[in-house]
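Try each task first, then compare your steps with ours.

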Amino acid sequence: MKQRTTAATLGEPPDADTVIELRAVCRTFDAEPPVRALQDVDLTVRRGEHLSIVGPSGSGKSTLLNTLGLLDRPTSGSFWLDGVLTNVLGDLERAALRGSRIGFVFQSFHLLPYRTVEENVMLAEAYRAPRPGRGRGTRAERAREALARVGLGHRFGFLPGRLSGGERQRAAIARALMGDPALLLCDEPTGNLDSENTESVLALFDELQSQGMTLLVITHDDSVSRRATRRVRIRDGRLGQEST
Ligand code: ADP
Ligand code: MG
């Protein structure tokens, strides 16, 4: 079901350097009483930014991430992703936009244990149509490029079980990079890692940011959120700026 939007609620579209633009986004779950999981959320994320979002359990983090990842729709308000107004899109268009613009990184790495690292990364493309013009080389070549980009050029043929936690998460990040996304959405990406492996993932985030990637990271860990260039706090479905 498409959400009804009017010119009055939309305003001017954001400029080309804006990867995420939320305006007055609300998400209310039908329950008795209704749950207002996101309330009047305004958020602009610029290309190349590394933004962290922190907040207690139940504050709306997953709802926000699902909205940004086009897995859920706002009840009201507008959402532009990489210049595209998402409100007016149907489910197939949303899926295509998600596949071409967004890489997801989760707390669990979701690597298949009996496939090599390279095969795991290649499998990213089993679920999405390749973008014309982007898919130079074979799938295996692109997987190796992505693995080299995350510092795992020497681990192509390994099974995930032989990697450290940090290396497994970096392999999962390589898989997320396969579609050449504009944005990485990360939900507690270091939640399963000790401090040394956390550092290796954070160093990779710095590196990807320096290459122009936009990162949005949900985390409970203060040392992780402090590495972002901007921190935002969420509480009871409302966003507030965090002083750094
Ligand atoms: P967080 O990820 O920060 O823990 P969530 O986004 O999962 O928070 O949840 C925010 C609020 O919305 C909570 O009160 C939660 O119970 C409620 N909620 C989340 N999903 C649903 C749903 N499908 N139906 C009803 N309430 C929900
Ligand atoms: Mg959650």
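This is a predicted model: local features need pLDDT of at least 70, side-chain atom pairs count only at pLDDT 80 or more; totals for chains, interfaces and linings use all residues.

**Exercise 1. Decide whether Asp42 is buried or exposed, and relate it to Cys26.**

Solution. Asp42 also belongs to strand β2. The cut-off for exposed is over 50% relative accessible area. Asp42 has 53%, so it counts as exposed. Now for Cys26: it lies 16 residues from Asp42 along the chain, with 9.7 Å between the two C-alpha atoms. Cys26 has a relative accessibility of 12%, and because buried means under 20%, it counts as buried.

**Exercise 2. Count the disulfides.**

Solution. The test is a pair of cysteine sulfur atoms within 2.5 Å. By this rule the count is zero. Cysteines can still be well covered: Cys186, for one, is buried, with a relative accessible area of 0%.

**Exercise 3. Find what surrounds ligand 1 and describe the contacts.**

Solution. Step one is the list of neighbours: Phe29, Val35, Ala37, Pro56, Ser57, Gly58, Ser59, Gly60, Lys61, Ser62 and Thr63 surround the ligand. Step two sorts them by class, which gives four nonpolar, six polar and one charged residues.

- A polar backbone atom of Gly58 is 2.6 Å from an oxygen atom of ligand 1.
- For Lys61, a side-chain N or O atom is 2.9 Å from an oxygen atom of the ligand.
- Thr63 places a polar side-chain atom 2.6 Å from an oxygen atom of ligand 1.

Step four is the area: ligand 1 taken alone exposes 570 Å², and the protein buries 57% of that. Step five asks which elements supply the shell. Those giving two or more residues are β2 and α2 (61-68), and α2 gives the most, with three residues.

**Exercise 4. Check the length of α6 and how well it is covered.**

Solution. Helix α6 has 13 residues. From its first C-alpha to its last it reaches 18 Å, close to the 18 Å expected at 1.5 Å a residue. As for cover, 12 of the 13 residues are buried, so the helix is mostly covered by the under 20% rule. Among the buried ones are Gly165, Arg170, Ile173 and Leu177.

**Exercise 5. Look at backbone geometry at Pro33, Asp180 and Asp236.**

Solution. As background, most residues other than glycine have a negative phi, and most peptide bonds are trans. With that in mind, take the three sites in turn.

- The peptide bond from Glu32 to Pro33 is cis, with omega near 0°. Pro33 is in the loop that joins β1 (18-29) and β2 (35-46).
- Asp180 is not a glycine, yet its phi is positive, at about 55°. You will find Asp180 in the loop between α6 (165-177) and β7 (183-187). Its relative accessibility is 35%, so Asp180 counts as partly exposed.
- Asp236 also has a positive phi, about 50°, without being a glycine. Its loop runs between β9 (230-235) and β10 (238-241). At 58% relative accessibility, Asp236 counts as exposed.

Notes
Residues are numbered from 1 along each chain as its sequence is written. Chains are lettered from A and ligands numbered from 1 in the order in which they are written. Side-chain values use heavy atoms; hydrogens and water are left out. Helices (H or I, at least four residues) and strands (E, at least two) are DSSP runs, numbered from the N terminus. Buried means under 20% relative accessible area, exposed over 50%, partly exposed in between (1.4 Å probe, protein chains only). A residue is near a molecule or strand if one of its heavy atoms lies within 4 Å of it. A polar contact is a pair of N or O atoms within 3.5 Å; within protein, one must be able to donate a hydrogen and the other to accept it, and residues adjacent in sequence count only if both atoms are side-chain atoms. Accessible areas come from the Shrake-Rupley method with a 1.4 Å probe; for residues, only the protein chains shown count as cover. Ala, Val, Leu, Ile, Met, Phe, Trp, Tyr, Cys and Pro count as nonpolar, Asp, Glu, Lys and Arg as charged, and the others, Gly among them, as polar. The expected span of a helix is 1.5 Å times one less than its number of residues.
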